[in-house]
Amino acid sequence: MAKQKALFIGGTGTISMAIVRELAQKPEWEVWLLNRGSRAEEVPAGVKQIVCDISNEAEAARKLEGMTFDVVSEFIGFVPEIYISSASAYNKPAASYVITEGTTLANPHWEYSRNKIACEEFLFKKYREENFPVTIVRPSHTYDERHVPLGVHGKKGFWQVIKRMIDKKPVIIQGDGTSLWHLTFNKDFATGFIGLMGNRHAIGEAFQITGDEVLTWNQIYQTIADILGVELKAYHVASEYLSAVGDKYGFDFEGSLTGDKSVSVVFDNSKLKRIVPQMATTVPFNQGARIALDYVLSHPECQIEDPDFDAWCDKVIAALEKSKAEI
């Protein structure tokens with residue numbers, strides 16, 4: 001029986017690498033990557049690579065000339081067969097905290113999400129008018145062994161918050177920390193995604209892919225602190241205030257918080273599970289966070305310090321403490 005051929009445009013990111021690793025072990029699939037080759041050493045054996053910048057359309061067309069694939073998965077561009085959107089595209093705040101694929105798409109707080117919505121509309125138009133076979137995939141907060149998911153961090157990522165915990169400094173949590181959130185380890189996301197590949201029931205449809213575990217942000221941060229063996233010194237700050245004071249330093253907290261993480265969401269994954277019944281949470285956050293922290297703490301290249309964000313946190317906390325004292 002001939003193998004099915006899959007092309008991943010990208011293929012080495014947080015989400016896509018888990019899918020590629022899983023598919024590389026399946027004898028029924030032949031896996032190709034088209035990317036700039038910056039993480040070629042991490043690509044699994046047997047996976048074929050086309051080194052190319054997809055933004056150079058002429059070069060990409062030349063290198064792909066004469067090739068055909070059963071599934072094309074697009075992680076970085078705008079013309080896919082399976083398109084990676086984002087659950088942040090859902091209206092915030094939605095009419096209900098329970099999110100389904102039918103929840104209205106609208107996010108006035110985050111340009112990133114509005115761009116995702118525009119891509120979805122373009123692709124569904126192609127499906128309706130030209131019968132272009134498209135499946136939209138909407139992940140929420142997906143992480144891997146190289147990333148520790150957090151709510152409030154600087155431009156250089158999560159490490160400075162982890163360092164503040166280790167150094168026994170207070171860490172900022174948006175709101176009162178009780179809003180609900182989904183976290184999905186990339187290995188679990190891959191299960192849902194692979195179940196959609198080549199599945200005729202997925203054509204012309206959108207699917208959200210998230211884990212089933214629901215946590216508050218206080219629980220997320222406490223889990224991280226427990227794994228580190230440190231006391232969590234949580235400092236709760238209103239998202240609106242963080243957005244206002246963050247703008248001065250180039251932090252887009254209106255988009256990432258007001259438009260996303262400060263709003264309670266519970267994803268209903270029943271649509272996905274009807275056609276991918278094997279989809280399940282096999283790596284709950286207490287395990288996934290330990291995997292990530294073990295990796296990060298043993299790989300200094302992941303420990304990217306952010307002194308500007310660290311100083312900003314200290315300023316915000318000092319200012320709020322001063323205002324409390326003056327009341």
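Buried residues make up 51% of the 327 residues in this protein. The model is a predicted one.

**Overall build**

The chain folds into 11 helices and 14 strands. Its C-alpha trace spans about 70 × 45 × 40 Å along the principal axes. How does the radius of gyration fit a compact globule? For 327 residues, such a globule would have a value near 20 Å; the protein has 21 Å, so the two agree. Contacts across the sequence point to the fold as well. Of the contacts with a separation of 6 or more, 75% join residues 24 or more positions apart.

**Two packed helices**

Two packed helices are described by the angle between their axes and the distance between the axes. Here the pair is α4, residues 159-166, and α6, residues 217-228. They pack at an angle of about 60 degrees, and their axes lie 10 Å apart. The two helices are therefore oblique to each other. The crossing of α4 past α6 is right-handed.

Which residues make this contact? From α4 come V161, I162, M165 and I166; from α6 come Y221, I224, A225 and L228.

A206 and S239 each sit in a named element. A206 belongs to strand β11, residues 206-209. S239 belongs to helix α7, residues 239-247. The table lists their accessibility.

| Residue | Relative accessibility | State |
|---|---|---|
| A206 | 7% | buried |
| S239 | 7% | buried |

Why does A206 count as buried? Its relative accessibility is 7%, and buried means under 20%, so A206 qualifies. The cut-off applies to S239 too: a relative accessible area of 7% is under 20%, so S239 is buried.

Next come the partners. Which residues does A206 contact, leaving aside neighbours within four places in sequence? They are E101, F124, I136, R138 and K271. S239 has its own set, not counting residues up to four places away in sequence: Q174, G175, L257, T258 and S262.

G246 is 40 residues from A206 along the chain, and their C-alpha atoms are separated by 34 Å.

**In brief**

How values were computed:
Residues are numbered from 1 along each chain as its sequence is written. This is a predicted model: local features need pLDDT of at least 70, side-chain atom pairs count only at pLDDT 80 or more; totals for chains, interfaces and linings use all residues. Side-chain values use heavy atoms; hydrogens and water are left out. Axes are lines fitted to C-alpha atoms, for helices over the stretch in contact, and angles run from 0 to 180 degrees between N-to-C directions. Helices (H or I, at least four residues) and strands (E, at least two) are DSSP runs, numbered from the N terminus. Angles under 35 degrees count as roughly parallel, over 145 as roughly antiparallel, 65 to 115 as roughly perpendicular and the rest as oblique. A crossing is left-handed if the near helix is turned anticlockwise from the far one by less than a right angle, and right-handed if clockwise. Contact means heavy atoms within 4.5 Å. The radius of gyration is taken over C-alpha atoms; the globule rule is 2.2 Å times the number of residues to the power 0.38. Buried means under 20% relative accessible area, exposed over 50%, partly exposed in between (1.4 Å probe, protein chains only).
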